[in-house]
Amino acid sequence: MVSRRSFLTSAAGALVSAGVVARNAAAQIPEAPLTASPATEPPPAPASGPPFQPVVTLNGWSLPWRMNGDVKEFHLIAQPVVREIAPGMTAHLWGYNGQAPGPTIECVAGDRVRLFVTNQLPEYTSIHWHGVRLPHGMDGVTGLTQPPIQPGETWVYEFDMQHSGTFMYHPHADDMVQLAMGLMGSIIVHPRDPAEHAVDRDFVFLMSAYDIEPGSYTPRVHTHTDFNLWTWNSRVFPGIAPLAVRQGDRVRVRIGNLTMTNHPIHLHGHSFEVTGTDGGWVPPTARWPEATIDVGVGQMRAIEFVADAPGDWAFHCHKTHHTMNAMGHEVMTSIGVDFEEAAEKLRRLIPGYMVMGDRGMAEMASMQMELPENTLPMMTGEGPYGPIGMGGMFTVVKVRADQPPGDYTDPGWYEPPLGSMAYRSES
Ligand SMILES: [Cu+2]
């Protein structure tokens with residue numbers, strides 16, 4: 001049996017040093033740094049406690065726990081972290097246990113949980129368990145339900161997880177700054193009966209937004225709505241893992257929104273139903289088909305579909321500026337303007353000066369432009385037929401007949417059967 005002190009010390013040591021991942025309390029062996037592999041890992045089976053089918057956290061992982069008698073103990077450490085947004089750009093954020101967003105907390109309805117929260121931030125914090133029904137004093141609202149957790153302190157939250165569903169955790173302390181810095185995570189409470197709400201593949205991610213000037217690393221925390229990086233689990237395409245599924249699978253995707261605007265999330269090639277919100281499960285009689293679901297600020301939506309159509313299907317926010325990276329807002333529209341005369345003069349002063357945007361901006365997607373340090377192209381991601389022209393809140397659901405059960409490896413690009421693809425007219 002591991003003593004509480006040694007558990008806390010080793011958990012802190014293993015998790016904190018260099019942002020490494022530990023999969024469970026029994027095996028805190030540093031694995032590859034998170035930045036090394038953007039791929040989605042298969043979920044590990046629960047190490048102890050009641051059985052459940054684990055979720056896949058896109059570009060993330062689930063928090064290890066240990067059983068102390070009948071209580072499931074977790075340890076969150078709020079601290080500064082370095083997060084790779086996509087290859088070519090890292091951000092200096094605040095997160096939990098080496099990552100922003102923090103690891104996913106998974107438990108089972110009926111579990112009693114004890115959550116240790118250590119504050120290694122330079123200012124006070126708290127954790128609110130969004131959507132979870134619990135006693136007043138565990139709700140984590142600084143000033144209202146508890147004094148703040150001061151830097152260096154560890155506080156303990158303890159309550160019963162009464163209902164299954166998808167929830168979120170985040171501070172209610174200096175909210176605007178602490179959410180703009182990335183302090184958040186997902187909570188999955190699985191049904192006590194694993195057959196209830198069972199699916200073949202279960203994914204989760206949180207939407208967050210940052211305002212990071214090209215060439216800098218720390219988000220501007222006083223931005224209200226004009227963020228320039230729209231992320232899923234603090235990653236942007238092509239840094240977001242694909243959702244690899246087997247044809248015929250019933251798939252659930254749980255999407256939480258802790259940005260400051262709504263996101264209409266659209267899935268190609270399929271029709272889905274909303275089966276859960278942060279309030280709980282939607283009764284089957286109250287569901288209807290959708291291809292786009294608007295996820296409002298502070299909301300969670302769980303969608304489910306049968307992946308019946310093989311192919312690579314775009315899955316993205318439908319706000320076009322949310323599928324772009326690090327974009328400037330003060331860009332003049334110059335479509336239809338003839339700049340050549342002015343450009344000729346400018347080239348005498350600035351050799352190689354190019355006119356951009358007079359025929360739209362698609363060209364910029366394929367152009368290798370010189371970028372400032374630590375930023376990303378606005379439109380990014382290369383597909384099998386050229387630039388995809390989208391970054392930000394975008395990834396691909398890859399449906400394959402031969403994707404082995406339980407295998408989440410990226411199967412590569414889809415090759416459509418002969419005669420099933422759009423083609424150039426020769427007439
Ligand atoms: Cu959006």
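How many helices and strands are there in the protein? In this predicted model, the protein has four helices and 24 strands. Of its 427 residues, 51% are buried, and the accessible surface comes to about 19,100 Å², with 57% of that area belonging to carbon and sulfur atoms. When contacts between residues at least 6 apart in sequence are considered, 72% of them join residues that are at least 24 apart.

The copper ion is coordinated by three side-chain atoms, namely ND1 of H263, SG of C317 and ND1 of H322, at 2.0 Å. Along the chain, these donors follow the spacing H-x53-C-x4-H. The two histidines of this site link distant parts of the chain, since H263 belongs to strand β15 (residues 263-267), whereas H322 is placed in the loop between β21 (311-317) and α3 (340-349), 59 residues apart. H263 counts as buried because its relative accessibility is 0%, and H322 likewise counts as buried because its relative accessibility is 1%, the cut-off for this class being under 20%.

The C-alpha atom of T409 is separated by 6.6 Å from that of A244, although the two residues are 165 residues apart along the chain. When residues up to four places away in sequence are not counted, T409 touches A244 and Q403.

Elsewhere in the chain, Q99 is found in the loop that runs between β4 (89-96) and β5 (105-108). Despite this placement in a loop, Q99 counts as buried, because its relative accessibility is 2% and thus falls under the 20% limit. The side chain of Q99 reaches the backbone oxygen of P101, at 3.3 Å.

Empty space inside the protein was examined as well. Rolling a probe the size of a water molecule over the atoms shows where such space is left. The lining of the second largest cavity is made up of 13 residues, among which H190, P191, P194, E196 and H197 lie nearest its centre.

Methods
Residues are numbered from 1 along each chain as its sequence is written. This is a predicted model: local features need pLDDT of at least 70, side-chain atom pairs count only at pLDDT 80 or more; totals for chains, interfaces and linings use all residues. Side-chain values use heavy atoms; hydrogens and water are left out. Contact means heavy atoms within 4.5 Å. Buried means under 20% relative accessible area, exposed over 50%, partly exposed in between (1.4 Å probe, protein chains only). A polar contact is a pair of N or O atoms within 3.5 Å; within protein, one must be able to donate a hydrogen and the other to accept it, and residues adjacent in sequence count only if both atoms are side-chain atoms. Accessible areas come from the Shrake-Rupley method with a 1.4 Å probe; for residues, only the protein chains shown count as cover. Donors are N, O and S atoms within 2.8 Å of the metal (3.2 Å for Na, K and Ca); water is not among the atoms, so sites may look incomplete. On a 1 Å grid over the protein atoms alone, a cavity is a set of points where a 1.4 Å probe fits but cannot get out, and a pocket is an open set with protein on both sides within 12 Å along at least five of seven lines; lining residues have an atom within 4 Å of a point.
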